[in-house]
Amino acid sequence: MRRLVSETSLRAQQLVLPAFVADGIDEPRAISSLPGVSQHTVDSLRREAAAAAEAGLGGIMLFGVPRDEDKDATGSCGAAADGILNRALTAVRDEVGDDLLVMADTCLDEFTDHGHCGVLGTDARGEQVIDNDATLAAYGELAVAQAAAGAHVVSPSGMMDGQIGRIREALDSAGHHDVALLAYSAKYSSAFYGPFREAVGSSLRGDRRTYQQDPANARESLREVRLDLEEGADMVMVKPALSYLDILRQTAEVSDVPVAAYQVSGEYAMISAAVERGWIDHDPAVMESLTSIRRAGADIVLTYWALHAARLLADGWRV
Ligand code: PBG
């Protein structure tokens, strides 16, 4: 009876696995704040992607971790053809072909020596600020490089105004008409990104409150979603997931393209830490959290548990 009347489903094809690939390492390197998640070498990433395809996941989202000495003020190693992320995109696409969507994080923060998602400039008073429009040009180059490297989907996560329109234009002019755009539309300035910043060896000092969303605001996020839809987003995303299920629901109500939600590193870390202490049960907590994100309106869920959840589902776990 419960199966017959269940309102929410969870399937492997709806899940996307975020994965990190680091330059200059010979062995995968564990990330202490994300137990079970590693920085990959290009080779181990290939194997992870093959496993993701085999498990029937919808996609894999790649983040690059360059060597510190390759970072600079403009994040130039992001767009370099031999940059770590682009090499990884090519290797993974070569491995999985069209069996798994290969998605690229399209942002400068992993590649800049200051750790911000955009390039820096000064305002009229001489204060250091993020230069929104100069950043758009850099995003265009980054997206084209990622598409050329083999990404099916580019995923601008930097929350600059106008980034979707600008990247669409850049992709189209370079002939990448069928590369899709997954827009991080409502990305909040969140404490729950903490472990991710270790995962990518972020150089950030300070915060991203001048460009990411204020956790107090909902209407503002819906405006961001609308703008991204107008600019040509093929999918829109809300991030983080669990503290923002209301935003996810409202986004699902207005969006005429698929809606994604990102269960971020801090959400993963919280459940993992409680499990380590024996305070909650791992699998039920993971599957309940994923189900609630689907129930709130996500068509697509990015989660570090994507492979684990797909295996549970294949073994007959019922949601
Ligand atoms: C920024 C970016 C962030 C995450 C993915 N891309 C956050 C940030 O540092 O502001 C967070 C992902 C996570 O916490 O799992 N390009």
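Residues are numbered from 1 along each chain as its sequence is written, and side-chain values use heavy atoms, with hydrogens and water left out. Because the model is predicted, local features need pLDDT of at least 70 and side-chain atom pairs count only at pLDDT 80 or more, while totals for chains, interfaces and linings use all residues.

View 1. The largest pocket holds about 460 Å³ of space, a pocket being an open set of points on a 1 Å grid over the protein atoms alone where a 1.4 Å probe fits, with protein on both sides within 12 Å along at least five of seven lines. Its volume is the space filled by probe spheres set on the points, which are joined across faces, edges and corners. Among the 26 lining residues, Met 159, Asp 161, Thr 210, Tyr 211 and Gln 212 are the closest to the centre, where lining means having an atom within 4 Å of a point.

**View 2. Elements and residue classes around the largest pocket.** Helix 7 (219–231), strand 7 (128–130) and strand 9 (180–187) each contribute at least two lining residues, and helix 7 provides the largest share, 6 residues; helices (H or I, at least four residues) and strands (E, at least two) are DSSP runs numbered from the N terminus. The lining comprises 8 nonpolar, 9 polar and 9 charged residues, with Ala, Val, Leu, Ile, Met, Phe, Trp, Tyr, Cys and Pro counted as nonpolar, Asp, Glu, Lys and Arg as charged, and the others, Gly among them, as polar.

**View 3. The second largest pocket.** This pocket has a volume of about 220 Å³, and of its 14 lining residues the closest to the centre are Leu 17, Gly 36, Val 37, Glu 48 and Tyr 304. Strand 1 (15–22), strand 3 (38–40) and helix 11 (306–314) each supply at least two residues, with strand 1 giving the most, 4 residues. The lining divides into 9 nonpolar, 4 polar and 1 charged.
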